[in-house]
Amino acid sequence: MRNYRLCAAYRAPDGLLSTPVYEETITAKDVADAVAQAKATELDMAGLKANAIYLINADGHVAWSLRIAEVADDVA
């Protein structure tokens, strides 16, 4: 099993991510399992003022990301 860090942040129109406003550790057998768990995690993105979620692997690299287009870019 491997640990991944699930993060939520605000992604600005220029592509830069804010400091994560939410972080959670996900333990999964592989990246596909971690992505499935991340997608199943219920987050109040509007309440967090976030529009992007991503997974960081044990090496510190982004393994997967998703930008939520429904959250307005002016929430930051």
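Which strands do the buried residues of helix 1 pack against? The notes below work towards that, beginning with a few ground rules.

1. **Ground rules.** This is a predicted model, in which local features need pLDDT of at least 70 and side-chain atom pairs count only at pLDDT 80 or more, while totals for chains, interfaces and linings use all residues. Residues are numbered from 1 along each chain as its sequence is written, and side-chain values use heavy atoms, with hydrogens and water left out.

2. Four strands make an open sheet in the order 2-1-3-4, with antiparallel pairing. Strands are DSSP runs (E, at least two residues), as are helices (H or I, at least four), numbered from the N terminus; two strands pair if DSSP finds at least two bridges between them. Strand 2 and strand 4 are the edges, each with a single partner strand, so one side of each lacks a neighbour in the sheet. On average, neighbouring strands are turned by 20° against each other, direction ignored.

3. **Strand 1 and its partners.** Seven bridges tie strand 1 to strand 2, and Asn3 stands opposite Thr27 in strand 2. Strand 1 (residues 2–9) is also joined to strand 3 by five bridges, with Ile53 as the bridge partner of Ala8.

4. **The hairpin.** Strand 3 and strand 4 form a hairpin with five residues between them, and Gly60 in the turn has a positive phi of about 90°. Five bridges join this antiparallel pair; Ala52 faces Arg67, and Ile56 stands opposite Val62.

5. **Strand 3, inside.** Five of the five residues of strand 3 (residues 52–56) are buried, so the strand is largely enclosed by the rest of the structure. Buried means under 20% relative accessible area, exposed over 50% and partly exposed in between (1.4 Å probe, protein chains only). Ala52, Tyr54 and Ile56 point one way, Ile53 and Leu55 the other. In a regular strand the side chains alternate between the two faces of the sheet.

6. Ala34, Val35 and Ala38 are buried in helix 1 (residues 31–40). They cover an arc of only 100° around the axis (taken from the directions from the helix axis to the C-beta atoms), which puts them on the same side of helix 1. Ala32, Lys39 and Ala40, on the other side, are exposed.

7. **Back to the opening question.** The buried residues of helix 1 pack against strand 1, strand 2 (22–28), strand 3 and strand 4. Contact here means heavy atoms within 4.5 Å.

8. **The core.** Ile26 and Leu55 touch the most other members of the largest nonpolar core, which has 14 residues. Strand 1, strand 2, helix 1 and strand 3 each supply at least two of its residues. Such a core is a set of buried Ala, Val, Leu, Ile, Met, Phe, Trp, Tyr and Cys residues joined through side-chain atoms within 4.5 Å. Leaving aside residues up to four places away in sequence, Leu55 touches residues including Tyr4, Leu6, Ile26, Ala34, Val35, Ala38 and Trp64.

Conventions. Axes fitted to C-alpha atoms, helices over the stretch in contact; angles between N-to-C directions.
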